[in-house]
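Please look through the following structure with attention to its helices, strands and side-chain contacts. The paragraphs after it go through these in turn.

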Amino acid sequence: MAVQRKGVTTVKAGTETPRPFVPPVGTSRNVPVAGAAPRIEMNQGEPEHRHFPRAQLATHFDLWVEDEGGGRRFSAGLTSVNVSVSGAFLASTFFLPMGTVVRTRFALEPGAAPVEARAEIVREERGPEEEGRSGFALRFLDFSGQTEVALARLFLGMRLRAFTEDYLKSSRARSLPNELERVIDVMAAWELLKATTPGDPWRGE
């Protein structure tokens with residue numbers, strides 16, 4: 001069961017499947033539109049994200065605080081403004097104390113396996129709602145079940161796919177005896193490319 005209030009969904013304890021956000025009428029133009037392709041951009045002035053690019057991406061985040069027994073003493077549904085491998089900024093009209101550790105679950109696209117993480121609230125912005133900057137930033141502390149790979153693919157997937165498809169056409173790749181050897185070879189070739197080519201693959205350089 002969920003209770004809606006000003007763009008925030010407070011949910012009772014229990015497991016729910018992450019769902020894409022549908023923005024209400026009047027949502028700020030600064031908030032990404034659900035279903036749109038994420039816009040990848042560099043981070044500037046945000047220390048919790050500066051080592052990685054971020055994606056302007058609106059997706060639903062289930063967020064909760066666990067009690068000492070592992071139950072939920074607080075839970076809510078929020079919408080991301082941007083997401084990176086290191087954290088996310090969530091639009092919100094309520095605030096939790098800085099340093100609060102929360103659990104979160106979200107999907108990067110409809111039907112995708114959810115990313116599950118433990119995160120800390122590290123920054124808040126209490127700007128006008130109409131400007132789309134009322135909310136708080138999360139820094140991911142750790143992930144469950146290697147679900148962070150889905151985040152890495154958001155930024156590297158297209159480049160890795162193009163590189164892998166091209167490399168697997170090479171005579172060297174075709175000469176290898178099995179799929180495992182080809183995977184290892186592709187990984188080695190990718191690492192060699194990074195070591196010998198200037199630029200940062202995370203930033204598409």
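**Salt bridges, helix and strands**

R123 is buried, with a relative accessible area of 18%; buried means under 20% relative accessible area, exposed over 50%, and partly exposed in between, with a 1.4 Å probe and protein chains only. The model is a predicted one, in which local features need pLDDT of at least 70 and side-chain atom pairs count only at pLDDT 80 or more, while totals for chains, interfaces and linings use all residues. Residues are numbered from 1 along each chain as its sequence is written, and side-chain values use heavy atoms, with hydrogens and water left out.

The partner of R123 in a salt bridge is E125, with the closest N and O atoms 2.6 Å apart. A salt bridge here is a side-chain nitrogen of Lys or Arg within 4 Å of a carboxyl oxygen of Asp or Glu. E125 has 24% relative accessibility and counts as partly exposed. E124 and R126 form another salt bridge, and their closest N and O atoms are 2.7 Å apart. Of this pair, E124 is partly exposed at 29%, whereas R126 is exposed at 58%. The whole structure holds 7 salt bridges.

Strand β9 covers residues 115-126 and pairs with β10 in the antiparallel sense over 9 bridges. Two strands pair if DSSP finds at least two bridges between them; strands are DSSP runs of E with at least two residues, helices are runs of H or I with at least four, and both are numbered from the N terminus. Within this pairing, A117 stands opposite F143 in β10. Strand β10 (residues 134-143) is also joined to strand β7 (residues 87-91), by 5 bridges, and these two run antiparallel. There, A91 has G135 of β10 as its bridge partner. In a regular strand the side chains alternate between the two faces of the sheet.

A loop residue comes next. T59 lies between β4 (54-56) and β5 (60-66), and its relative accessibility of 5% makes it buried. Its side chain reaches the backbone oxygen of A107 at 2.6 Å. A polar contact is a pair of N or O atoms within 3.5 Å; within protein, one must be able to donate a hydrogen and the other to accept it, and residues adjacent in sequence count only if both atoms are side-chain atoms.

The last part is helical. Helix α3 (residues 179-196) has 18 residues and should span 26 Å at 1.5 Å a residue, which agrees with the 26 Å between its end C-alpha atoms; the expected span is 1.5 Å times one less than the number of residues. At the start of α3, a side-chain oxygen of N178 comes to within 3.2 Å of the backbone nitrogen of L180.

Which residues of α3 are buried? They are D185, V186, A189 and W190. Seen down the axis of α3, these buried residues fall within an arc of 135°, so they line one face of the helix; the arc is that of the directions from the helix axis to the C-beta atoms. They pack against α1 (148-167) and α2 (171-175), contact meaning heavy atoms within 4.5 Å. The face of α3 turned away from its buried side carries the exposed residues L180, M187, L192 and A195.

D185 also forms a salt bridge with R172, the closest N and O atoms being 2.6 Å apart. R172 lies in helix α2 and D185 in helix α3, so the pair ties together parts that are 13 residues apart in sequence. R172 is partly exposed at 47%, whereas D185 is buried at 11%.
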